[in-house]
Amino acid sequence: MKAFVMKEIGSVGFMDKPIPEPGPTDAVVRTTKALICTSDSHTVQGGIGPRTNLTLGHEGVGVVHAVGDEVKDFRAGDRVLAGAITPDWGDLAAQNGYPSQSGGALGGFKFANLKDGVFAEYFHVSGADANLARIPDEIPDDVAVYCADMLSTGFMGAEHGAIPIGGTVAVLAQGPVGLMATAGARLRGAGLVIGVESVPSRQELARFYGADVIVDFGKEDVVERIHELTDGQGVDTAIEALGADVTFQTAVKVTKPGGTISVIGYFGQGEFVRIPRVEWGVGMADKTIATGLCPGGRLRMERLLRVLANKRVDPTRLTTHRFPFSAMERAFEVSDKKLEDTVKVLVSFDE
């Protein structure tokens, strides 16, 4: 089969690999659609260290090709979604309520990290009964694929943010996951959603997904403007969706005492992230910093698919570019370099 791989840090391309075989509890899926994530770029840049000929990608859907003898709930021909995170559900971390951390910090992050990812004609899924979800007939593949990461991570930002009904929320950065955090904040009942973004097309998307006000950090002081919008109090919840030290500091500054800073950004550079001391109440302002890795698993995927089936959110507005798998090198370049005002790049394997 053809696979699109990280050859080494800074280098990508196609290579031939054997079609994987399922273990007793595993499945092999024939890929139909996949999305390129900024995390794929971080990986190629060395964000998780050196890798050699590792198949990239963690957002994919497809059709079951084969299953192991002990798989009970899935069969060849089923149309399925696999979460970007595929935890080991018997691990102690999973039993303690943190399945994404099974096997150690970020241990549920297997695709394109500990094993080959989904940018191939076929991909392997461990623990199929726990990590796959059947896609309802009414949901097309190019819609369902957003559940793998973007909806799951973005909504997690809102869930971890402890948003009260009618509360105030600031979502810092309106990239794909920030936009889904904006949609998640609206779904969680926020009374005021503030989107922080400078790119006009992303500002428009933020409004579509539920931002009531846009703060343009290229034109105004974000901290001053958010305090103005909240009568000097600050927000109940700030969602950091970029993964940058300066953005994290802004999130702390705009959150009221007793509020929550929910972090969903990928901090791929630097040794430390700084907390502004005074705005943190010198450590005593009761500001909670919540972090998390994209939730995975069958139950999570089924819930997200239900959100799509009942048309609570339309993630396809994020899709700005479409490419066949044969053009994967160009697709990756467009996503990696953010060319042509890209938001999300969809790759089709069945064209």
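Analyst: Let us begin with a single pair of residues in this predicted model: Val235 stands opposite Thr255, which belongs to strand S13. Strands of a sheet pair through backbone hydrogen bonds, and the pairing is either parallel or antiparallel. Here strand S12 (residues 235-240) and S13 pair in the parallel sense, over five bridges.

User: In what order do the six strands of the open sheet lie?

Analyst: The order is S11-S10-S9-S12-S13-S14, with parallel pairing, and the sheet is open. S11 and S14 are the edge strands, each having a single partner, so one side of each has no neighbour in the sheet. From one strand to the next the twist averages 20°.

User: Which strands does H6 touch where it packs on the sheet?

Analyst: H6 touches S9, strand S10 (192-196) and S12, and its direction makes about 170° with that of S9.

User: How should I read the antiparallel case, and which strands form that sheet?

Analyst: As before, strands pair through backbone hydrogen bonds, and the parallel or antiparallel sense is what has to be read off. In this model three strands form an open sheet in the order S2-S1-S4, and the pairing is antiparallel. Strand S1 (residues 2-8) and S2 are joined over six bridges in the antiparallel sense, and Lys2 has Asp16 in S2 as its bridge partner. Helix H11 (residues 328-336) lies across S1 and S2, and runs at about 155° to S2.

User: Turning to helices, which residues of H7 are buried?

Analyst: A residue is called buried when its relative accessible area is under 20%. In helix H7 (residues 200-209) the buried residues are Arg202, Gln203, Leu205, Ala206 and Tyr209. Viewed down the axis of H7, they fall within an arc of 160°, so they line one face of the helix. These buried residues pack against helix H6 (176-187) and strand S11 (213-215). Just after H7 comes Gly210, with a positive phi of about 125°.

User: Is Asp286 buried or exposed?

Analyst: Asp286 counts as exposed, at 63% relative accessibility. It too has a positive phi, of about 60°, although it is not a glycine, and it is found in the loop between strand S13 (255-263) and strand S14 (288-291).

User: Which residues does Gly166 touch, apart from those up to four places away in sequence?

Analyst: Gly166, which lies in the loop between helix H5 (150-160) and S9, touches Gly189, Ala190 and Gly191. The C-alpha atoms of Gly166 and Gly191 are separated by 3.7 Å, although the two residues are 25 residues apart along the chain.

User: How many disulfides does a search of the whole structure find?

Analyst: A disulfide is a covalent bond between the sulfur atoms of two cysteines. The search of the whole structure finds zero disulfides. For Cys37, the closest cysteine sulfur is that of Cys294, 9.2 Å away, which is too far for a bond. Cys147 is likewise in no disulfide, its nearest cysteine sulfur, again that of Cys294, being 10 Å away. Cys37 is buried, with a relative accessible area of 7%, and Cys147 also counts as buried, at 0% relative accessibility.

User: Finally, which residues do the UniProt domain annotations cover?

Analyst: In an unreviewed UniProt entry, the annotation "domain: Alcohol dehydrogenase-like N-terminal" covers residues 23-136. That span is 13% helix and 28% strand, with its end C-alpha atoms 26 Å apart. The annotation "domain: Alcohol dehydrogenase-like C-terminal", also from an unreviewed UniProt entry, covers residues 176-276. Over those residues the chain is 40% helix and 23% strand, and the end C-alpha atoms are 27 Å apart.

Terms used
Residues are numbered from 1 along each chain as its sequence is written. This is a predicted model: local features need pLDDT of at least 70, side-chain atom pairs count only at pLDDT 80 or more; totals for chains, interfaces and linings use all residues. Side-chain values use heavy atoms; hydrogens and water are left out. UniProt positions are given in the numbering used here, feature names are shortened, and annotations may be inferred rather than shown by experiment. Helices (H or I, at least four residues) and strands (E, at least two) are DSSP runs, numbered from the N terminus. Buried means under 20% relative accessible area, exposed over 50%, partly exposed in between (1.4 Å probe, protein chains only). The arc is that of the directions from the helix axis to the C-beta atoms. Contact means heavy atoms within 4.5 Å. A disulfide is a pair of cysteine sulfur atoms within 2.5 Å. Two strands pair if DSSP finds at least two bridges between them. Axes are lines fitted to C-alpha atoms, for helices over the stretch in contact, and angles run from 0 to 180 degrees between N-to-C directions.
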